[in-house]
Amino acid sequence: EEPVVRIAWWSKTGQPVSLSIVDENGSAWKELTGASATGLHVIEYDLTADAKLADAAQARAREKALAASKSKDAVSPPPAPASIDSEEDVSEPPKADDEKAAAGPKKPLDPELYRLLDDPLRAGRKRYLAPGRYTVEIRSGSDTQKTALRVVPESESRSGGDDREEDE
């Protein structure tokens, strides 16, 4: 069974509408457009993602995670010096920064490796939103409405299949 979510919005003006599904990093995964009449509208969205937008969003998320891990490594405090009363083995002096680098800090994977590991049949498959939190932005004329969308892994969604309110 295909996943489906119903997105409802109210149009005051009846102007054309555009919907964007945006992740926590501000990257769009899907863009929908259509005509709109004044009143209440509901669209059934199958959680598919535009392949180009999804690739760009995933690349941006990787870059953000890499930057966060680099800043975390740079900000981490140096180890506290051992006190004389300590029962720790202090026979070895602390490692110098270049020795730590030689020990192997986390490095980003080579883009060529991503290319080699990529699924060759990916282009022919439907792409879906990854589990996470999204914002549905609904624009009609100068009016913008936003609503939250949470995509959970299939194993979590089998517990009832109902529309659950999210606890914040």
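**View 1. Leu149 and the residues around it.** Leaving aside residues up to four places away in sequence, Leu149 touches Val5, Ile21, Leu47, Leu129, Gly132, Arg133, Tyr134 and Val136; touching, or contact, means heavy atoms within 4.5 Å. Keep in mind that this is a predicted model, where local features need pLDDT of at least 70, side-chain atom pairs count only at pLDDT 80 or more, and totals for chains, interfaces and linings use all residues. Residues are numbered from 1 along each chain as its sequence is written, and side-chain values use heavy atoms, with hydrogens and water left out.

**View 2. The largest nonpolar core.** This core has 18 residues, and Leu19, Ile21, Leu129 and Leu149 touch the most other members. A nonpolar core is a set of buried Ala, Val, Leu, Ile, Met, Phe, Trp, Tyr and Cys residues joined through side-chain atoms within 4.5 Å; buried means under 20% relative accessible area, with a 1.4 Å probe and protein chains only.

**View 3. An open sheet.** Its 4 strands run in the order S3-S2-S5-S6, with antiparallel pairing. Strands are DSSP runs (E, at least two residues), numbered from the N terminus, and two of them pair if DSSP finds at least two bridges between them. S3 and S6 sit at the edges with a single partner strand each, so one side of each has no neighbour in the sheet.

**View 4. Zooming in on S2 and S3.** These two strands pair in the antiparallel sense over 6 bridges. Which residue in S3 is the bridge partner of Ile21? Look for Lys30.

Notes: Buried means under 20% relative accessible area, exposed over 50%, partly exposed in between (1.4 Å probe, protein chains only).
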